[in-house]
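Trainee: I've just opened this one and would like to get my bearings. Can we go through it together?

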Amino acid sequence: MQSPAGTEAGTEAGTDGRTGNRTTDRHTNGNEDSAHVATTQTPPTASGSAHRAAGSARAGTGTRFTRVLGVLTIAALAVLALFALVLSPPDVVQGESVRILYAHVGTVWVAYLAFIVTAVSSGAYLWKRTSSLTWDRIAGASAEIGVLFMAITLFTGSLWGRITWGTFWVWDARVTTTAFLFVTYVGYLAVRGLGGTHEQRARRSAVVALLAVLEIPLVHFSVRLWRSVHQDASVAGSTDVKLDDEMLFTLLLGTVAFTMMYVWYVLHRQRVLAMEDALDDKGLDLALAERRNEGLEARDMTEGTTR
Amino acid sequence: MDPAAHPDGGVAVVELADAVAVLGRFPALAGVDLTVGRGEIVLLRGPNGAGKTTLLRLCAGLLPLARGTGTVVGCDLRTQREAVRARVGLLGHANGLYGDLTVRENVEFWGATVGATTHEIDASLERMGLAARLADVGVSRLSAGQKRRTALACLVARRAQLWLLDEPHAGLDAAGRDELDLTLRAAVAAGATVMVASHELERAGSLATRIVDVVAGQVQEPSA
Amino acid sequence: MNDPSPVTGTSGHVATGVWRTARLIAGKDLRIERRSRVIVNQVLPFAALVMVLFAFALDNDDVLLRTAPGLVWLGTIFSLLILVQRSFAVESADGALDALRVAGVNPAGIFLGKSLALAVQLVVLEMLLVALAMVLYQAQLDAMGAVLLVTTIAPATTGLAFVGTLYGGLAAGARGRETLLPLLLFPVVAPVLIGATRATEAAFGAGSAAIDEGWPWVGVLLVFSALFGVGGTLAFGPLIEE
């Protein structure tokens with residue numbers, strides 16, 4: 001059985017029992033604090049490791065740290081919404097459509113951050129000295145939210161491109177690589193779903209993640225070399241805009257807010273994964289007990305004696 | 001750690017203690033305690049779903065040990081699975097043969113994985129009665145019994161110390177089964193150890209030196 | 001027959017040597033193909049058919065001529081999928097991949113051997129497609145172009161063979177896994193598609209590309225090949241392990 005995940009995530013273990021909040025955020029319009037949605041299952045009481053993995057005495061994946069982080073994230077997102085939609089000025093050239101960038105830039109950054117975290121965690125899992133299933137779960141959680149942010153990036157980018165340049169898509173290196181990263185992630189998640197023991201899943205997906213690290217720079221480089229041949233005459237080809245201070249601030253705030261959201265999500269999610277794994281292990285204990293009983297019954301039946 | 005090069009009669013070829021192996025979520029083996037000495041022919045008896053195949057695959061080093069400890073041909077099942085595999089031969093429901101190649105080519109291929117000489121290849125074919133007519137026949141054209149013999153020839157060519165056979169008598173006629181038993185006894189005489197999972201209860205007396213019951217993922221010595 | 005135990009290396013694998021194992025397995029795969037002729041009878045005709053279908057779809061001689069290099073490599077990549085599936089079907093038909101693992105054969109050797117056999121099959125395929133491009137699409141090749149083309153085909157083929165074998169091993173065997181192969185493989189082969197196509201464009205002189213422009217792409221293909229050759233050798237074992 002793997003060591004509990006909660007305390008290894010670098011957080012203080014709180015003893016408060018409130019369940020963690022799960023927010024799915026698709027807009028920068030601030031966060032409705034959704035009703036406390038339980039994102040966890042109650043672990044069987046006999047399994048101490050599941051409790052430890054949750055980091056609290058009662059069911060849930062929340063700890064003091066994540067609660068504080070969660071509140072700060074909501075606050076940051078609210079401030080972001082304020083600045084993005086109201087306080088910052090429209091761009092001289094692009095008008096209001098520049099506001100999409102406040103979402104886009106932040107999500108691009110987080111998407112690539114998630115990719116790096118998945119890759120590093122996969123390496124940490126495979127490295128003998130630091131091998132632990134926690135790394136595998138972090139890699140998986142990071143990939144899950146990474147896919148989401150990738151999708152948002154591509155969507156907002158496409159939207160912005162349409163408004164600004166008149167095209168939904170442009171074949172430059174950054175955009176194409178991002179799209180490839182998205183597909184690669186989807187494949188990675190599919191590999192995670194192949195089944196088998198936890199160690200098999202971890203090893204297989206770790207290898208696939210590291211191969212992706214090989215592949216993505218190659219894709220980026222190839223596409224860049226490819227497109228450098230074509231003069232992209234009709235399209236601006238760059239997301240650089242003339243930034244005044246408020247816009248710059250809003251962009252940075254967006255990046256920070258989304259990063260906080262990412263960290264918050266990964267912490268919770270990898271704890272949930274730890275609990276699911278613990279549940280599997282517990283399930284194995286139960287299944288073992290059941291099977292042994294089967295054997296005892298069969299033996300009793302054939303021999304007519306009690307052991 | 002190199003396992004004993006010439007294991008004497010007292011060395012255990014298989015030692016499992018509370019071994020648990022899972023298939024997906026299901027504990028196919030729920031705590032197996034088993035010791036098999038060199039030169040034994042152990043018959044694994046039990047209903048379908050009892051875990052006989054899983055036990056054989058575990059001993060072949062194909063499956064990881066989920067819990068418990070195990071040593072096969074002197075190598076630890078947790079840390080030295082590759083070494084286990086190199087010394088063990090598994091004949092499962094499938095034969096592990098390449099249908100498009102001839103008998104000789106198959107035996108040569110598998111023998112070559114351990115660096116067997118032509119002499120050894122020929123000897124293996126001889127031993128299985130394959131040298132004469134069948135050596136250059138494509139495997140896909142053989143009967144079930146002949147394919148079995150080819151697969152066994154591959155085991156011989158690989159110098160497997162432990163032979164793990166899963167229902168080897170299935171699909172063979174009476175003569176084929178007798179032949180198989182002769183082959184197994186000859187292999188043991190030459191230094192191998194054999195574990196056979198089988199429904200062939202009549203074989204118990206004539207072939208096996210020991211019978212073991214596999215029930216619900218665990219192993220019991222029959223009281224009778 | 002009191003045989004000594006097989007000599008094993010420090011990794012525990014039978015010490016037949018990675019290269020020797022690779023040659024053994026490549027030889028086995030190619031011999032099987034020579035006997036069964038599945039590639040020759042099924043895959044090559046499929047590839048030829050794909051080239052014809054491209055012509056139906058694009059319906060314009062100028063367009064076909066200009067896109068000929070791309071179509072050649074697209075055809076190659078579609079066929080790669082089938083070749084990889086075949087390569088591993090040969091093993092799973094009778095539980096041979098399991099048998100290879102049981103035999104304690106060094107997985108690096110399996111990887112290199114199967115890649116080698118796959119590469120040989122790919123080269124034959126690519127030459128067929130290039131010939132068809134010249135016949136069906138009127139593509140033209142002069143001496144310098146031919147040199148460039150040959151030096152393109154080498155690293156492109158090994159690159160495709162390496163990634164095909166690698167992901168093919170992952171996708172082989174268990175139910176519900178085979179459909180993973182395209183999803184995993186196609187993103188990875190994109191650099192090869194880009195590089196090989198650009199180099200072939202230069203070789204054919206299509207789309208006003210000069211011969212010189214092709215050489216940097218050959219470099220890209222070499223890097224790709226090298227990276228996945230090494231990466232695959234290391235990764236294949238863990239990927240097929242149970």
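Predicted model: local features only at pLDDT ≥ 70, side-chain atom pairs only at ≥ 80, totals over all residues.

Trainee: How many bridges join strand 7 of chain B to strand 8?
Mentor: Strand 8 of chain B spans residues 193-197 and runs parallel to strand 7 of chain B. Here B:Leu162 stands opposite B:Thr193.

Trainee: Which helix makes a β-α-β unit with strand 7 and strand 8 of chain B?
Mentor: The unit takes in both of those strands and is right-handed. Its helix covers residues 174-189 of chain B, and that's helix 6.

Trainee: Why is strand 7 of chain B largely enclosed by the rest of the structure?
Mentor: Look at which way the residues point: B:Leu162, B:Leu164 and B:Asp166 go one way, while B:Trp163 and B:Leu165 go the other. In a regular strand, side chains alternate between the sheet's two faces. Both groups here are buried. Strand 7 of chain B is largely enclosed because its buried residues number 5 of 5.

Trainee: And over in chain A, what is the mean pLDDT?
Mentor: In chain A, 74% of residues reach 70 or more. Over residues 53-57 of chain A, though, the pLDDT is below 50, and residues 232-237 of chain A are also below 50. The mean for chain A is 76.

Key: Residues numbered from 1 in each chain as written. Chains lettered and ligands numbered in written order. pLDDT = per-residue confidence, 0-100. Contact = placed C-beta atoms within 7 Å. Buried ≥ 20, exposed ≤ 12 C-beta atoms within 10 Å, placed from the backbone. Helix = DSSP H or I, 4+ residues; strand = E, 2+ residues; numbered from the N terminus. Pairing = 2+ DSSP bridges. Right-handed = clockwise from strand over helix to strand, strands pointing away.
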